[in-house]
Amino acid sequence: MGLERSGDVVPAGRAGQPGNGEEPTSTVKPFGIAKRVVWEAYRQVKANQGAAGIDGQSLEMFEANLKNNLYRVWNRMSSGCYFPPSIRLVEIPKKNGGTRTLGISTVEDRIAQTVAKIYVEPALERLFHPDSYGYRPGKSALQAIGVTRERCWKYDWVIEFDIHKAFDELDWTLLGWRQLFPSDATSISFG
């Protein structure tokens with residue numbers, strides 16, 4: 001299930017066949033995104049619920065014109081003209097004081113992001129190291145702790161890295177930053 005450009009050869013068995021969720025070859029868009037994938041993405045977004053984005057449109061409001069809204073997402077993505085809208089920022093209080101800023105995408109954008117994830121994740125998943133546990137399907141922090149505990153019994157040494165704000169605190173002069181940008185580029189923030 002990969003994306004195809006319209007200039008590429010479209011195998012006859014894959015496009016225009018009834019019931020496969022694809023468009024006929026005469027109306028193929030620049031990016032071959034199946035409508036069934038947009039539908040599956042919508043189902044995943046609906047299952048997660050979530051608040052309205054910057055457009056104020058709730059999931060229920062989106063569903064009031066579901067067929068046309070899903071078609072619009074599919075059409076824009078498969079045409080290559082989908083641009084995500086701005087994110088609504090919400091401050092969430094932390095237990096120990098202070099706040100954390102949460103970005104809330106629109107329903108339409110959450111569906112588009114899920115479509116991209118459905119297509120991209122299987123290809124990228126093969127590239128990750130087996131010991132990578134963050135934000136990966138079928139992996140959890142609890143599994144990482146289990147592997148760590150198992151290895152603690154197996155090995156007599158531990159290496160620990162605290163990379164909290166590592167990119168904020170790098171000495172860019174050691175990386176040759178001044179050589180690339182000799183003017184006022186002494187302070188770089190990625191925060």
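**The aromatic pairs and their surroundings**

Analyst: Reading along the sequence, you get the pattern α-α-α-β-β-α-α-α, that is, six helices and two strands. Keep in mind that this is a predicted model. The average pLDDT of the chain is 80, and 69% of the residues score at least 70. Residues 3–19 stay under 50 in pLDDT, and the model gives them 28 contacts beyond four places in sequence. Residues 184–191 are also below 50, with ten contacts in the model beyond near neighbours in sequence.

Now to the rings. Searching the whole structure turns up two aromatic pairs. One of them is Trp39 with Tyr42, a tilted pair with 5.2 Å from centre to centre and 45 degrees between the planes. These two sit three residues apart in helix α1 (residues 35–48), so about one helical turn separates them. How much of each ring residue is covered? Tyr42 is buried, at a relative accessible area of 4%, while Trp39 counts as partly exposed at 42% relative accessibility. Buried here means under 20% relative accessible area, so Tyr42 falls below that cut-off.

The other pair is Tyr71 with Trp74: the ring centres are 5.4 Å apart and the planes make 45 degrees, so this pair is tilted. Both residues belong to helix α3, three residues apart, or about one turn of the helix. Here Trp74 counts as buried at 4% relative accessibility, and Tyr71 as partly exposed at 42%.

Helix α3 covers residues 66–79, and Asn69 lies in it too. Is Asn69 buried or exposed? With 5% relative accessibility, Asn69 counts as buried. Leaving out residues up to four places away in sequence, Asn69 touches Gln57, Met61 and Phe62.

Charged side chains come into the picture as well. The whole structure has seven salt bridges. One of them joins Glu63 and Lys46, at 2.9 Å from N to O. Glu63 is in helix α2 (residues 59–63) and Lys46 in helix α1, so this bridge ties together parts that are 17 residues apart in sequence. Both ends are partly exposed: Glu63 has a relative accessible area of 23%, and Lys46 has 36%. There's also a network of salt bridges that links Arg72, Arg76 and Glu108.

Glu121 is partly exposed at 24% relative accessible area, and so is Lys117 at 43%. Arg151 and Asp131 meet in a salt bridge too, at 2.9 Å from N to O. That one links distant parts of the chain, 20 residues apart, with Arg151 in helix α5 and Asp131 in the loop between α4 and α5.

Phe128 is in the loop between α4 (107–125) and α5 (141–154). Together with Val120, Leu124 and Leu127, Phe128 makes a nonpolar surface patch of about 390 Å². Phe128 itself is partly exposed, with a relative accessible area of 42%.

For the chain overall, 22% of the 191 residues are buried. The accessible surface comes to about 14200 Å², and 57% of that belongs to carbon and sulfur atoms.

Technical notes
Residues are numbered from 1 along each chain as its sequence is written. Side-chain values use heavy atoms; hydrogens and water are left out. Patches are made of residues with over 30% relative accessible area and no salt bridge: like charges are joined within 9 Å, nonpolar side chains (Val, Leu, Ile, Met, Phe, Trp, Tyr) within 5 Å. Accessible areas come from the Shrake-Rupley method with a 1.4 Å probe; for residues, only the protein chains shown count as cover. A salt bridge is a side-chain nitrogen of Lys or Arg within 4 Å of a carboxyl oxygen of Asp or Glu. Helices (H or I, at least four residues) and strands (E, at least two) are DSSP runs, numbered from the N terminus. Buried means under 20% relative accessible area, exposed over 50%, partly exposed in between (1.4 Å probe, protein chains only). Contact means heavy atoms within 4.5 Å. pLDDT is the predictor's confidence in each residue, from 0 to 100. Rings of Phe, Tyr and Trp (its six-membered ring) pair if their centres lie within 6.5 Å; planes under 30 degrees apart count as stacked, over 60 as edge-to-face and the rest as tilted.
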